[in-house]
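Morning, everyone. Today I want to talk about salt bridges. Please look at the structure as I go.

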Amino acid sequence: MTQISRLATLGLAKESVAGTYVAPTTGIPFQKGDFEDVFAEVKDESIRGNDTILQGVYQGTVHATWSLDFLAYPDLIGHFLAGVIGPDTVTPATATTLSASTIVGATSIQTAVALPAGTVIRIDTSTNTEYAWTDGAATGTGPYTSNVTTVLGKIGANRVGLQLAHTSSAAVTTPTTHTFKQSASPLPTYSLTLYDTTQTISCSYVRWSDLQVKIDPKGAVQLSVKATSMPSVTQSNATPTYSTFDPLLGWSWTMTNAGASSTRGLSFDATVKRAVEAIASSDGTQGPREIFAGPIEVDGTYKAIFENQVDLGLYLNYTQSPTTAMVQQPVARGGQSLALTMSKSGYIKGKRDLGSSYTQADFSLVGIYNTTDGGAVQAVLQNFQTAAY
């Protein structure tokens with residue numbers, strides 16, 4: 001019977017031992033997914049006294065390839081940043097409790113531990129969870145008082161108060177900061193489990209080769225990833241757990257380049273890549289000995305309003321200054337964020353575009369090794385996952 005493709009599920013888990021399958025711990029809500037077991041074709045074209053070229057065809061080595069498109073969910077992104085860029089260094093959240101109950105509309109709270117100024121906080125749990133922004137430094141000596149607003153930019157007399165009431169001792173936490181940089185340590189490997197509507201299969205030793213982040217203010221931030229893995233095997237059914245957070249939205253994008261913040265950006269794509277190879281060797285098996293990941297490279301494209309020479313000067317003068325693209329959820333929706341930074345970026349192409357109703361420019365850029373990033377790029381993810389990816 002014909003199957004509904006939207007019934008397919010895909011789950012992911014980080015492996016403790018490279019190549020040893022782990023049942024999924026995270027669901028991937030994908031928009032497009034291509035999976036294939038790739039067999040090398042071995043041809044016999046020997047001359048045998050007839051006028052046919054192909055005398056036989058045989059099944060050679062095999063590995064699997066993956067190509068996935070999905071929205072940038074802030075709790076999901078870290079698995080791909082760790083798998084392509086490098087290990088996750090965690091800066092723990094500040095965790096405390098309310099020292100006094102609050103009412104609807106409250107613009108300040110009291111906590112047992114001082115909250116950092118200018119940070120997102122999550123108040124309470126379950127259906128009573130809400131998010132706010134701390135406006136200014138905490139005051140007092142314990143309990144500590146922090147001014148809060150539920151709309152970023154609405155501060156001082158314009159603060160927007162809490163939408164819910166909370167009882168004393170309700171949990172209050174800031175986001176955990178996850179910083180991903182290149183390292184000499186081996187990159188993690190993953191297991192993928194796919195229910196294709198007819199059966200469930202899994203692939204181990206998954207290595208991500210490409211991670212593309214696409215930012216357009218008119219839509220959600222998009223991720224596209226590619227991977228190579230061991231060939232598929234039949235697996236028991238699994239029920240993935242999906243993200244409950246909103247994806248990051250393109251209109252929240254802020255761009256920093258040429259030494260300053262810019263409002264000229266129209267779109268930004270960045271791709272972090274590692275050449276990945278399924279190595280066939282003398283181990284007597286049809287599948288790979290291992291999935292190998294090579295060195296990193298980073299490139300991107302940037303489209304901008306062309307209202308001055310600042311962006312074009314990065315290309316014409318080969319000014320290799322930092323480029324940072326950051327996106328952050330609205331505070332009321334969690335305020336989680338992702339920042340991609342090339343602390344030494346080279347703009348290698350720059351072209352004026354006079355074919356639209358207003359003047360624009362297109363740029364190509366690359367990430368260059370630098371000691372600040374410990375490589376060509378670093379990513380900083382702030383979310384409410386406390387464990388390292």
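Start with Lys273, which forms a salt bridge with Asp299; their closest N and O atoms are 3.2 Å apart. Lys273 sits in strand β19 (residues 265-279) and Asp299 in strand β20 (residues 290-305), so this pair links distant parts of the chain, 26 residues apart. By salt bridge I mean a side-chain nitrogen of Lys or Arg within 4 Å of a carboxyl oxygen of Asp or Glu. Strands are DSSP runs of E, at least two residues, numbered from the N terminus.

A word on the source. This is a predicted model: local features need pLDDT of at least 70, side-chain atom pairs count only at pLDDT 80 or more, and totals for chains, interfaces and linings use all residues. Residues are numbered from 1 along each chain as its sequence is written, and side-chain values use heavy atoms, leaving out hydrogens and water.

Buried or exposed? Buried means under 20% relative accessible area, exposed over 50%, partly exposed in between, with a 1.4 Å probe and protein chains only. Lys273 is partly exposed at 24%. Asp299 is partly exposed too, at 26%.

Next pair. Lys303 forms a salt bridge with Asp353, with 3.3 Å between the closest N and O atoms. Lys303 is in strand β20 and Asp353 in strand β23 (residues 345-353), so the bridge ties together parts 50 residues apart in sequence. Lys303 is partly exposed at 21%, while Asp353 is buried at 18%. Shared partners join Lys303, Asp353 and Asp362 into one network of salt bridges.

How many salt bridges are there by this rule? The count is nine.

Methods
Helix = DSSP H or I, 4+ residues; strand = E, 2+ residues; numbered from the N terminus.
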